[in-house]
Amino acid sequence: MPSPHLEQLRSRLGPLRNTLLTHPIYNRIDGIDGLRLFMEHHVFAVWDFMSLLKALQRQVCCVDVPWTPPLDPVACRLVNEIVLGEESDEDGRGRHFSHFDLYRRAMRQRGADLGPIEGLVSAIRSGMELSRALELVKAPEAVRRFVGRTFEVIGGGNVCAIASAFTFGREDLLPDVFRRIVDEAGTMPGGEMDIFRYYLDRHIEVDGGEHGLMSRRLVARLCGDDPARWHLAEQTALRSLEARILLWDGVCERLGDPSVEFDD
């Protein structure tokens with residue numbers, strides 16, 4: 001039986017979800033150049049999604065050595081199932097890739113600029129602090145704000161807040177968002193887009209099905225019947241949706257002048 005707390009939370013998120021789903025960005029991605037610019041921004045959200053998920057795995061499952069058994073095996077199973085799909089999913093061609101790597105392949109196929117996101121990954125691997133790395137690669141201000149909000153939640157260390165940002169800012173939201181993008185991408189003339197379409201369709205299928213359900217179950221298990229936990233989950237979810245709206249606003253501003261360099 002669905003948690004009444006969960007249903008109440010989802011209901012309260014309705015207005016912001018509607019704002020996202022009716023955002024002008026979907027009508028502004030009206031050509032290949034616009035799609036490239038969108039992807040060059042959105043790839044940072046694809047990347048920091050995995051940091052949210054790994055933060056959950058670190059808290060709910062044991063990733064330390066020596067190993068100790070998880071305190072909640074059901075929650076551990078839910079998280080590990082999602083990690084398996086997100087970090088090593090099928091790519092539609094008989095191989096396995098993370099969704100982040102699949103997105104980068106889609107960008108490469110579409111001719112989008114991979115320099116900033118690959119520079120970020122390289123800088124982080126070398127040990128550079130995240131904010132400095134974002135500055136180094138000249139990520140747009142809208143991207144920096146969005147990623148900063150993600151890591152603010154992660155840095156807070158509250159597992160209910162992290163699960164809420166992951167669930168309601170990502171898994172429970174993205175299938176509907178990606179359906180809007182598919183609608184626009186499907187009308188674009190020319191260019192190879194099969195990898196990007198596969199990425200979008202795969203997220204609609206998986207996140208709209210098992211992953212979305214599992215993430216909502218996870219929030220319900222972590223919050224239980226504690227009003228304070230549910231309040232924190234709701235506030236985190238609202239701020240996560242607001243952060244996405246601001247990211248879309250920033251992309252829209254750039255789409256108004258596609259000639260603008262990837263810099264602020």
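A salt bridge is taken here as a side-chain nitrogen of Lys or Arg within 4 Å of a carboxyl oxygen of Asp or Glu. The model is predicted, so local features need pLDDT of at least 70 and side-chain atom pairs count only at pLDDT 80 or more, whereas totals for chains, interfaces and linings use all residues. Residues are numbered from 1 along each chain as its sequence is written, and side-chain values use heavy atoms, with hydrogens and water left out.

The protein chain has 13 helices and two strands (DSSP runs, H or I of at least four residues for helices and E of at least two for strands, numbered from the N terminus). Buried residues (under 20% relative accessible area; exposed, over 50%; partly exposed, in between; 1.4 Å probe, protein chains only) make up 53% of the 264 residues.

The whole structure holds 17 salt bridges. Between arginine 239 and glutamate 152, the closest N and O atoms are 3.4 Å apart. Arginine 239 lies in helix H13 and glutamate 152 in helix H9, so this pair ties together parts 87 residues apart in sequence. Arginine 239 is partly exposed, at 40% relative accessibility, and glutamate 152 is partly exposed at 43%.

Glutamate 152 also forms a salt bridge with arginine 149, at 3.1 Å between the closest N and O atoms. These two residues are three apart in helix H9 (residues 141-156), about one helical turn. Arginine 149 is buried, with 12% relative accessibility.

A further salt bridge joins arginine 12 to glutamate 234, with the closest N and O atoms 2.8 Å apart. Arginine 12 belongs to helix H1 (residues 4-12) and glutamate 234 to helix H13 (residues 227-255), 222 residues apart.
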